[in-house]
Amino acid sequence: MKDTTANFKINNGVLTKYTGKAENLILPDTITKIEKGVFHCCENIKTIEFPKYLVCIAEQAFYGCENIREVVFPQNLEYIGECAFGYCSMLKNAVFSENISHIGKEAFLFCTSLKEVKLKGIMTHLEDSTFEGCCMLETIEIPDNILSIGVDVFAGCDDLKTVYCKKGSITDYYMQFALHDKVTVKYTGISKNPISLKQFLK
């Protein structure tokens, strides 16, 4: 089933409502923001083609879309809201863009099929429970610009084995202390924002 323009309610670039039932969702090019909960529990969606100039995916936008397999975020995307992809249980792969400045709390909560994550972007904080319950997550790469890590970011990530990060970064210390007996830290270079152990333990 294909969508028509009538399936999308768009106001000044903001998608506020969707009434279609497409499995392969192709979002109109005029969309720059997806409003809160627009695709909440749309279980029919399997693939998403995001518009080029999309800047914001708001809170719970795709919450409970159980059959989404992959998301490839456009380069202009800056904001992923709280629980935006929570409980997308079939999501195996998420490809991040370099302009993301914010990923909200619980953004990928209980994405139980997610196996590998390579974070990009200019964000400086990992919010609470970002990947909580991602029980099949095995590897993650975290950029050097992350300067703080919230609570329970990786709670329930029992298969997490390898973390790629910069030596001396807060991620380096966090993994060694919080998950020291579970993961192997592999360095991708030396941090440009190094901290001391004393700073980390404050």
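Rings of Phe, Tyr and Trp (its six-membered ring) form an aromatic pair if their centres lie within 6.5 Å; planes under 30 degrees apart count as stacked, over 60 as edge-to-face and the rest as tilted. The structure holds 14 aromatic pairs. This is a predicted model, in which local features need pLDDT of at least 70 and side-chain atom pairs count only at pLDDT 80 or more, whereas totals for chains, interfaces and linings use all residues. Residues are numbered from 1 along each chain as its sequence is written, and side-chain values use heavy atoms, with hydrogens and water left out.

**Aromatic pairs**

Tyr87 and Phe110 form a stacked pair, with 5.3 Å from centre to centre and 20 degrees between the planes. The two residues belong to distant parts of the chain, 23 residues apart: Tyr87 lies in the loop between strand S8 (79–80) and strand S9 (93–95), and Phe110 in the loop between strand S10 (102–103) and strand S11 (116–118). Strands (E, at least two residues) and helices (H or I, at least four) are DSSP runs, numbered from the N terminus. Tyr87 is partly exposed at 36% relative accessibility, and Phe110 is partly exposed at 33%. Here buried means under 20% relative accessible area, exposed over 50%, and partly exposed in between (1.4 Å probe, protein chains only).

The rings of Phe96 and Phe108 are edge-to-face, because their planes stand at 70 degrees, with the centres 5.7 Å apart. This pair also links distant parts of the chain, with Phe96 in the loop between S9 and S10 and Phe108 in the loop between S10 and S11, twelve residues apart. Phe96 is buried at 2% relative accessibility, and Phe108 is buried at 0%. Ring pairs join both residues into a cluster that also includes Phe8, Tyr18, Phe39, Phe50, Phe62, Phe73, Phe85, Phe131 and Phe154.

**Surroundings of Thr130**

Phe108 is also one of the residues touched by Thr130. Thr130 is found in the loop between strand S12 (125–126) and strand S13 (139–141), and is buried with a relative accessible area of 1%. Not counting residues up to four places away in sequence, the contacts of Thr130 (heavy atoms within 4.5 Å) are Ile103, Gly104, Glu106, Ala107, Phe108, Leu109 and Val153.

**Salt bridges**

Side chains of opposite charge can pair when their charged atoms come close. A search of the whole structure finds two salt bridges, each defined as a side-chain nitrogen of Lys or Arg within 4 Å of a carboxyl oxygen of Asp or Glu.

| Salt bridge | N to O distance |
|---|---|
| Glu23 and Lys46 | 3.9 Å |
| Lys33 and Glu35 | 3.9 Å |

Glu23 is partly exposed at 40% relative accessibility, as is Lys46 at 33%.

**Cysteines**

A disulfide is a covalent bond between the sulfur atoms of two cysteines. With the cut-off set at a pair of cysteine sulfur atoms within 2.5 Å, the count comes to zero disulfides. The sulfur of Cys83 has its closest cysteine sulfur in Cys111, at 8.6 Å, and therefore too far for a bond. For Cys134, the closest cysteine sulfur is also in Cys111, at 5.1 Å, too far for a bond. Cys83 is buried at 6% relative accessibility, and Cys134 is buried at 0%.
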